[in-house]
Every structure is written in structure tokens, then in C-alpha cells.
Amino acid sequence: MNNVRPFSMRDKIGYTLGDLGKCCTEQFRSMFLAVFYTLVLKVDPVHVGILMLITKFWDAINDPIIGAIVDSRVNKGKGKFIPWIRAFAFPTSVLCVLGFLNVGNWAYGVRLVYMFVSYVVYEIMYTCVDVPFGSLSSVMTDDVNQRTDLSRYRSLGGTIFMTVIVIVGPLFLYKDNQPVPENFLIMAAVCAIIGFVCLMVTCAWCKERVVLAPVAKKKEKLNYFEVIKGIARNKALLGCMLASFIGIVGAGMVNGLNTYLFRDYFGNVKIQAISGTLSVLWSLIAFVGIKFVAKKFGKKEWIMYSALFSVFVFGILFFFPIKDPMTFIIINGICYLGVCGFQVLVWALVNDAIDYQELKFGQRNEGIVYSAYTFFRKLANAVSGSMGSFALAIAGFKVDEAVQSEAFAGNLWKTYTGLYVVSYLLAVLVLKFVYPLTKKKTAEMLEELAKRRKGEAND
């Protein structure tokens, strides 16, 4: 693919918009679907938790299947991953909207069936976009600095979405601290349209450049069993998967409780809009600064240092609750700078794990390696989504009560801060003792791979 234009800012913006497009459906659902189920459809949070556990577990199983199918596809000049994104972006958007139909007047059992079917079908379609999109960055460039840029710009897409939705969502979705059912559907439709358009721009602006001759010419069928064995021995991937699993479970549970924290602990859900406004500042600082600190300290090293800072702060908050929402918003925003290393750089770690796979076993298998990682992310989302709903029930949340009890509010604070501390501390420990690619070892790996590829190209 020598005729493809060089890597440029157009690729970075295209990749940013791709992540924004995915977030417009997936993150909107992650933030508001469980809330919609409990507050609008009046479904017991225990049932919501069971539903999410089952559906997300299936979604996690679905990821490696899609990854294997993607890897088996031959690049015929239009790319290996982009055609998948182009084909499945529209059905994903449609199913996102269908998930927010107000079926609260249906029989309780029928409501559960509708929730289950719409959830499962959406996740299948979304996986057909998500796995190829994540694998795409590994073939856009093999330059380590450009890959770090792609990871940063990818996080910018999510940051843009979260900034807007956290500001607009509480103001638009609630009135007098209560949900407005039709507004959930309207916002889902807007997010779906924006998401589809963004993904189409990604397909037009992002180019696949890394095509390895031995893989491209290989005729025999891919031995999936051998690939899975190789992945199981890929310490970089295992460390990345396990650390992400733990971090995502904790962060997902915390985020799932966020609406209830502002609504029932601080007493005003619309205060979340202020938090969203201030998050612009934190996100800009993280986006600009993380490139330099990651380059200076190393990706693994900076993730560990920054996350430990937030663990310390939230450990204090666990024992000393804050009742003033603005004080909490400011402290929480500063702590975001601590955990942003995990959120921004994790995709660069996955790309390094793909290179590590090639270094150790001679095959990259981008789709399968990436889908193996997303398998653990989906499992984490399954656990966090269900456990967040279970935690809500254990804390004493009552579906039929518009105003929750003081006991529930106190339990909610302890759960919120405690989960934050435990999850990020465990994730840091895993990264420290399992993930092998320090700054020095990453540089050595890329140098060795460059020599191999040059030698293979000359054969």
C-alpha cells in the first residue's frame, strides 16, 4: 500500500471522531440505560443487574468470534477493518434508539424480554464496529510516537462526548429531580445520528498502512487454537487485560452510581452539569500533558504513578465524607488527572501487546489480540454494570420512592469512594507485577521488530 498518503493530522482527527461516534451510542447507553430502566421503566435494580450480567457476558463471548472473523478477511485493497465499520455503523445507531423506547406500560415480564432482546442485538452490532475500530490503530502506523498520539486522540473523542453529555444530560433528562421519559428517547436519537456521521468520517479519513508481507501472502487457514495459546503466553496482553478488567469494574460501578450520588446524596442531579463543565479543563490538561509525561516516564510508569495519587485522595474521602457538592466536584476533577493515565494510554498498551505478540510468536493477529482484550473489557462491563445495580439495591434503593432515605445516602457514599480506592489500587498492582513492557523494554521490542521486518522484506 505504498500509494497511501503519509500519516497525518487527518488520521488523528478521523480516529478521534471514530471514538466519538462509538461513544455516542455505547457510552450514552452505559451512562443512562440502567438509570432509564430503574427510574423510567421501574424495573427492580436486582433484575437490571441480572439482565446486564447475562447480556454482557454473551457480548464478551461474542468479541473473540468477531475478532477471528475479521482476521480471516483478506484485504483486497479497501482495507481490512474499515469495511466492517462502514457496514455496521448504521444498525448500531438504530438499535441504540430502540433501547430507550418507553415500554413502562407493558407487563413487567414483557418489559424484561424487550430489554433483553434489544440489549443483545445492539451489542452484537456494536461489536462488529468496536473490534475493527480498535484494531485499526495498529495498522495505521507502526511508529511508537504516532501510536501514542492515536491513543491520546482516541481518548479525546470520548472526552468530547463525556464533556457534552455530562453537561447537557442532567439538564435535559430531568425536571424537578425526576426523569422525563421522552427526553431519553430524543437524546438517544441525536446521539445515534451524530455517532453514525462520525464513523463515516473515520472510514474516509483513516488509512491502513501496515500490511506485513508474510501475513498477506499466507494461504493456509489460521490456526485459532495456536493463536489462543500464544495470547495466553502474551504477558503484555495478560497484564493489560487484567489491570483493565479490575479498573473498569471499579470505575464502571462508580460511574453507574454517579447519577444517584448527585440526585440522592447531594440532593440535586442537575449539579452534574457543573461537573461536566469543569471536566473540560481537566480533560484539556490531561490531553496536552499526558503525551509529555508518558514520553518522559513511560506509559506503564505514568499510569501507575498517577492512579496511586487518586487512590490516596479517595481513601481520605472514604473516612471523611463531603456534603458540599462543589468541593467534591473540584476534588474529583483533580483526581481525574490521576486516573486519566489509565483511560488515555490503555489503548497504546494494547497496540504494544500486539507488537509483543509478533515479537514472541511471529504473528500479529491484530483482530484476535484486540478482541481478546475487548473480551475482558466486556466482561468487566458486565460485572460493573450488574454489580453497580446490585450495590444500588444493597444500599437500600427503592424503585417506587421518589425521595430516598438518609441511610441509603450514607451507604452510597461509602460504596462510591470505597470502590474507587480498591479497584484502582488493585489495577496498579497488576500493572506493576504482570505487565512487562516498561519504557526501556518497549523501545527494545520495537527496535527488534524493525530489524525483523526489514530482513523479511529483503528475502
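**Close-up views of a predicted model**

Phe116 is partly exposed, with a relative accessible area of 36% (partly exposed lies between buried, under 20% relative accessible area, and exposed, over 50%, with a 1.4 Å probe and protein chains only). This is a predicted model, in which local features need pLDDT of at least 70 and side-chain atom pairs count only at pLDDT 80 or more, while totals for chains, interfaces and linings use all residues. Residues are numbered from 1 along each chain as its sequence is written, and side-chain values use heavy atoms, with hydrogens and water left out.

**View 1. A nonpolar patch on the surface includes Val113 and Val117.** Val46, Ile50, Ile54, Val113, Phe116, Val117 and Val121 make up this patch, and together they have about 540 Å² of accessible area. Such areas come from the Shrake-Rupley method with a 1.4 Å probe; for residues, only the protein chains shown count as cover. A patch is made of residues with over 30% relative accessible area and no salt bridge; like charges are joined within 9 Å, and nonpolar side chains (Val, Leu, Ile, Met, Phe, Trp, Tyr) within 5 Å. Helix H2 (45–72) and helix H4 (108–140) are the elements that give two or more residues to the nonpolar patch. H4 supplies the largest share, four residues, and Phe116 lies in this helix. Helices (H or I, at least four residues) are DSSP runs, numbered from the N terminus.

**View 2. Arg263 and Asp264 form a salt bridge.** Their side chains meet at 3.2 Å, N to O. A salt bridge is a side-chain nitrogen of Lys or Arg within 4 Å of a carboxyl oxygen of Asp or Glu. Side chains of opposite charge can pair when their charged atoms come close. Arg263 counts as buried, at 4% relative accessibility, and Asp264 also counts as buried, at 14%.

**View 3. Glu447 pairs with Lys451 in helix H15.** The salt bridge between their side chains is 3.9 Å, N to O. The two residues are four apart in H15 (residues 439–458), about one turn of the helix. Glu447 is partly exposed at 48% relative accessibility, whereas Lys451 is exposed at 51%.

View 4. Glu448 is partly exposed at 33% relative accessibility, and Arg452 is partly exposed at 32%. Elsewhere, salt bridges that share partners join Arg5, Asp11 and Arg209 into one network. The whole structure holds nine salt bridges.
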